[in-house]
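Morning, everyone. Please look at the structure on the screen while I talk.

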Amino acid sequence: MTTTRHWLPVLALALLGASGDTHGDEMARLSAGAAPPPLSIGLALGSGGATGLAHIAMLQVFDDLGVRPARITGTSIGAIIGALYAAGLDASEIRDVFDEFGGSSLDMLSGLLEADPGDKLTGLLEIELGNGGVLDSKRFMDFLRSKVEARRFRDLRIPLEVVATDYWSGKTVVLREGDLFEALAASSAVPGLFPPVQRGDQLLIDGGTSNPLPVGLLAGRYPLVVAIDVSGTREHSEDGQAGLTELLFQTFGLMQQSLITAQLEMSQPDVYIKPDISGVRLLQFNRIEGVMEESRPAAEALRNALRHALERQSP
């Protein structure tokens, strides 16, 4: 699903890093035939578990067009992939990260789903039953940390805002400074699976429980706002029934879709992209190949929308 709306071609009038520049100076350069500054884009990457691997296909479009977001907001998997991109990895390198993850002993997520009940999962998991979650995300965060040099938000090449939820108040918490990987662990702390993160008097859980597509954080701040919704869809079974595991993992996505619908009524992005991905459970990160394939039509829709935006700003 893809929608776009008309936007005014409002451009930033000062280049990043320029000093002493004025509105008049910039207008003089434009009238003299100089190229306008790059289109300033705010990019919102939504939550959705393994369907969020579709974000990689969308970022590949940015890479192909030579377009760089001015700011990224992300929730859960959107925050994780957004952080890798903001830290300097391109889409191809991010895919390599998840390919490696999917084929390593760290693939505790898909291993949990695919294993037989009698299998011993201790080689894949660290059990944290007394800490508010079944799995400990530390090993996964350590794995991600080994792939980038950034350790704190200030180390990132693109400004990033990470969305989590305070369990006690139920309110959205936006993290934009401090320890990057602590913020990512909080944003992706799916209730019941991964332990919450203590931050002062706040107990932070998955941002998808309050703000699964953080487009509102960008509204009115950028000439072009792009939102990628990876909440996915559910396949109708032949017998019309849903098993216990299916209900467990898909109900969370259903809740997020309802929240996104309400959010879009308040903050409509300029470009809204929703890859048509079905049959992928919350934690099936080993299905990256299929997710990328199903993301192709949405990636082409995004490519066309960005090209149109770039053409509109051309003199």
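This is a predicted model: local features need pLDDT of at least 70, side-chain atom pairs count only at pLDDT 80 or more; totals for chains, interfaces and linings use all residues.

The chain has 10 helices and nine strands. There are 315 residues, and buried ones make up 50% of them. The chain exposes about 14800 Å². Carbon and sulfur atoms supply 52% of that area.

What about contacts across the sequence? Take those between residues at least 6 apart in sequence. Of these, 77% join residues at least 24 apart.

Now the helix. Find H4, residues 91-102. H4 has 12 residues. From first C-alpha to last, H4 reaches 16 Å, close to the 16 Å expected at 1.5 Å a residue.

Which residues of H4 are buried? They are Ala-91, Ile-94, Val-97, Phe-98 and Phe-101. These residues cover an arc of only 115° around the axis, so they sit on the same side of H4.

Look at the N-terminal end of H4 too. Asp-90 caps it. A side-chain oxygen of Asp-90 lies 3.2 Å from the backbone nitrogen of Ser-92.

Last stop, the tyrosine. Tyr-272 is in strand E9, residues 271-273. Is Tyr-272 buried or exposed? Its relative accessibility is 6%. The cut-off for buried is under 20%, so Tyr-272 counts as buried.

What does its side chain touch? The side chains of Tyr-272 and Asp-229 are joined by a polar contact of 2.6 Å. Then there is Ala-301, which is 29 residues from Tyr-272 in sequence. In space, the two are 9.6 Å apart, C-alpha to C-alpha.

That's the tour. Thanks.

Conventions:
Residues are numbered from 1 along each chain as its sequence is written. Side-chain values use heavy atoms; hydrogens and water are left out. Helices (H or I, at least four residues) and strands (E, at least two) are DSSP runs, numbered from the N terminus. Buried means under 20% relative accessible area, exposed over 50%, partly exposed in between (1.4 Å probe, protein chains only). A polar contact is a pair of N or O atoms within 3.5 Å; within protein, one must be able to donate a hydrogen and the other to accept it, and residues adjacent in sequence count only if both atoms are side-chain atoms. The expected span of a helix is 1.5 Å times one less than its number of residues. The arc is that of the directions from the helix axis to the C-beta atoms. Contact means heavy atoms within 4.5 Å. Accessible areas come from the Shrake-Rupley method with a 1.4 Å probe; for residues, only the protein chains shown count as cover.
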